[in-house]
Amino acid sequence: MIEMKNPMSPLDRWKTDIQKGKKQLAVLIDPDKCGQDLLPKLLSHLPEATTHIFVGGSSVAPGVTHNLIEAIKRLVDFPVWIFPGDAEQISPAADALLFLSLVSGDNPEYLIRQQERAATQLRAMDLFTIATGYLLIDGGTQSAVARVTKTLPMALSDPDKIVNRALAAFYMGAKSIYLEAGSGAKNPIPTTLINRIKKQTAMPLIVGGGLRETQQIESAWAAGADMVVIGTALEEALSLTNS
Ligand code: 1GP
């Protein structure tokens with residue numbers, strides 16, 4: 001049997017799924033909240049619609065992410081994408097890295113400096129990257145992203161500005177957009193904004209933060225999200241917390 005030498009990249013596979021109308025659900029595993037001891041329980045309770053596992057957190061010790069990804073890979077067969085809080089969370093064990101730039105904020109540390117640190121590591125490993133414009137939007141509560149990055153979320157009152165930031169990310173080379181309301185947000189990203197960003201940027205769109213109910217996830221998909229991310233809802237349902 002001839003082995004396929006050039007399998008489709010994670011981004012091309014995702015784009016193909018988008019063309020086919022297949023919506024994606026990523027379950028976010030934060031290594032700070034779910035260590036290897038709790039992993040089997042979480043992985044055995046993944047929602048049926050799960051298509052991807054995201055791994056990442058706001059403050060994770062070096063090496064922890066890598067070990068957790070290897071453990072996930074031993075237990076399940078989903079593609080694992082790193083959703084990094086910083087450059088320490090990069091591991092060649094993943095299928096892809098969301099190469100984020102926090103374009104909603106004005107902190108150079110999260111616009112280019114962490115990326116420079118990441119680049120130093122990436123040149124020495126074979127890890128597929130998906131350049132992603134990451135936009136933190138006001139979700140009604142102070143988020144870990146805002147606290148750690150010392151940036152303000154963008155206000156919902158000025159959707160044109162949010163569209164322009166997303167487009168600026170596109171012109172700078174982003175291949176996808178992540179609209180983030182913040183982990184545990186009171187208010188998820190409004191469907192009107194999802195719809196507007198999708199229509200006006202036409203990029204693969206990830207939406208997360210504060211999504212708890214199936215109905216909310218379906219509404220986000222219907223509004224134009226290509227991939228929805230959930231973390232807190234599953235952690236709470238399973239009472240998963242190390243802290
Ligand atoms: C956080 O968007 C993700 O970065 C998921 O948010 O934990 O609120 O599901 P939740």
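Predicted model: local features only at pLDDT ≥ 70, side-chain atom pairs only at ≥ 80, totals over all residues.

Student: Let's start with the strands. What makes β4 and β5 a pair?

Tutor: Two strands pair when there are at least two bridges between them. β4 (residues 96-102) and β5 are joined over six bridges, in the parallel sense, so they pass that cut-off. One of the contacts puts L97 with T129, its bridge partner in β5.

Student: Which elements make up the right-handed β-α-β unit?

Tutor: That unit consists of β4, helix α4 (residues 108-122) and β5. The crossover is called right-handed because, with the strands pointing away from you, the path over the helix runs clockwise.

Student: Why is β5 called mostly covered?

Tutor: Strand β5 spans residues 129-136, and six of its eight residues are buried. Buried here means under 20% relative accessible area.

Student: Now the charged side chains. How many salt bridges are there?

Tutor: The count comes to six. As background, side chains of opposite charge can pair when their charged atoms come close.

Student: Why is K33 with E235 called a salt bridge?

Tutor: The cut-off is within 4 Å, from a Lys or Arg nitrogen to an Asp or Glu carboxyl oxygen. For K33 and E235 the closest N and O atoms are 3.6 Å apart, so the pair qualifies. The two residues are 202 residues apart: K33 sits in the loop between β1 and α2, and E235 in helix α9.

Student: Are those two buried or exposed, or something in between?

Tutor: E235 has a relative accessible area of 10%, so it is buried. K33, at 27%, is partly exposed.

Student: What about D226 and K198?

Tutor: Their side chains meet in a salt bridge at 2.7 Å, N to O. D226 is in the loop between α8 and β8 and K198 is in helix α7, so the pair ties together parts 28 residues apart in sequence. D226 has 5% relative accessibility, so it counts as buried.

Key. Residues numbered from 1 in each chain as written. Heavy atoms only, no water. Buried < 20%, exposed > 50% of the residue type's maximum accessible area, 1.4 Å probe, protein only. Helix = DSSP H or I, 4+ residues; strand = E, 2+ residues; numbered from the N terminus.
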